[in-house]
Amino acid sequence: SLTDMAWVGRIGSEAVAAVGAVGILTWMSGSIALLNKVGSEVSVGQSIGARNEQDARQFASHNISIALLISICWAALLFLFANPILRIFELKEHITENAVTYLRIVSTGLPFVFLSAAFTGIYNAAGRSKTPFYISGTGLILNIILDPLMIFGIGPFPQMGVAGAATATVLAQAIVTAMFLLAARREMTVFPQIHIFQASQWRAWAEILKIGLPVSIQSMFFSGLSMILARLVAGWGDAAIAAQKVGSQIESISYTTAEGFATAVNAFIAQNF
C-alpha cells in the first residue's frame with residue numbers, strides 16, 4: 001500500500017487520497033484474513049506439537065476452505081457496493097470515481113490475499129516462517145517493479161494511473177499465491193493429502209472460528225476507527241486525507257514489527273501446549 005501511494009503521489013494528492021481511502025478497506029480485509037492466519041497458527045501448531053499429523057492436515061484443509069469462502073463473499077460485497085461504501089468519506093466526485101475503480105480491481109485479488117494468509121499461518125505453525133517471508137518478499141519486489149510500469153505506461157503497458165497501481169497489486173498477489181501452491185507440493189509434513197473441498201467437519205470449523213474470530217474482530221476495530229478518522233479529516237480537503245493515509249501507512253511499520261514477535265510466540269506456545 002505504501003508503494004502504491006509513493007508512485008501515485010507523482011500524479012497528485014487527489015490520487016493518493018483515492019488510494020488511501022481504499023487502503024482502509026484493504027486493511028479491513030487483512031483484519032478479516034487474520035481469522036484464517038491465526039486460526040491456522042494455533043490449530044495446526046497444536047496438532048503438530050501433539051504429533052498428530054492427521055489433525056494438522058485436517059485443520060490446514062479447513063483453514064484454506066474457510067479462507068476461500070470468506071474471501072469470495074467479501075470481495076463480491078466490496079465490488080458490488082464499492083460506490084456507496086466509498087461515499088462515506090465524502091470525497092470529490094472524480095476522486096470517488098478513481099477510488100471505486102481502484103477498489104473494484106483490488107477486490108478481485110482478495111481471494112489471493114486470504115489464501116496467502118492461510119498458507120502463511122500454516123507455515124508459521126510449523127515454525128517455517130522463512131518460506132512465506134521469501135514468497136511475500138518476492139511479491140513485494142514484483143509489485144514495486146510493476147507499479148511505475150502500469151501507472152505511467154512504460155514499455156508495453158498502457159498508462160493506467162490509479163487503476164495501474166491496483167492491477168500491479170493484484171498481479172503480484174496472484175503470483176504470491178501461485179508460489180505458495182508450488183511450495184506446498186514440496187512440503188511433506190502438513191500439505192500432503194490436503195483436500196480443500198472435502199466434506200466439512202464442524203468441530204474443526206468451530207475450533208478455527210473460536211481461535212481466529214476474536215483476533216480478527218479486534219483488528220477490525222482498529223481499521224474501523226481509522227475509517228472514522230478519515231471521515232473527519234475529509235472536511236479539511238483531499239490533501240489532508242492524503243497526509244493522514246501516508247502517515248498511517250508509515251505508522252503501521254511499528255505494529256507490524258511487533259506482530260512478527262507475536263507470530264513467533266504463537267508457534268512456540270501452540271506446539272508446546
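The structure holds five salt bridges, and it should be kept in mind that the model is a predicted one.

**Salt bridges within helices**
- Lys 37 pairs with Glu 41 in a salt bridge whose closest N and O atoms are 2.8 Å apart; both residues belong to helix α2 (residues 13-49), four residues apart, or about one turn of the helix, and both are buried.
- Arg 57 and Glu 53 form a salt bridge with closest N and O atoms 3.4 Å apart, and in helix α3 (residues 53-80) they are separated by about one helical turn because they lie four residues apart.
- Arg 57 counts as buried at 15% relative accessibility, whereas Glu 53 is partly exposed at 43%.
- Lys 210 and Glu 207 meet in a salt bridge at 3.6 Å, N to O; Lys 210 is exposed, with a relative accessible area of 58%, while Glu 207 is partly exposed at 24%.

- Asp 147, in helix α7 (residues 130-152), is buried yet has no salt bridge, the nearest side chain of opposite charge being that of Arg 10, 10 Å away.
- Beyond its neighbours within four places in sequence, Asp 147 is in contact with Thr 3, Asp 4, Trp 7, Ala 165 and Ala 168.

**Contact of α6 with α8**
- The axes of α6 (residues 110-125) and α8 (residues 162-186) come within 9 Å and cross at roughly 35°, in a left-handed crossing.
- By class, this contact has 12 nonpolar, four polar and no charged residues.

Notes: Residues numbered from 1 in each chain as written. Predicted model: local features only at pLDDT ≥ 70, side-chain atom pairs only at ≥ 80, totals over all residues. Heavy atoms only, no water. Axes fitted to C-alpha atoms, helices over the stretch in contact; angles between N-to-C directions. Helix = DSSP H or I, 4+ residues; strand = E, 2+ residues; numbered from the N terminus. Left-handed = near helix turned anticlockwise from the far one by under 90°. Nonpolar A, V, L, I, M, F, W, Y, C, P; charged D, E, K, R; others polar. Buried < 20%, exposed > 50% of the residue type's maximum accessible area, 1.4 Å probe, protein only. Lys, Arg positive; Asp, Glu negative; His and termini not counted. Salt bridge = Lys/Arg side-chain N within 4 Å of Asp/Glu carboxyl O. Contact = heavy atoms within 4.5 Å.
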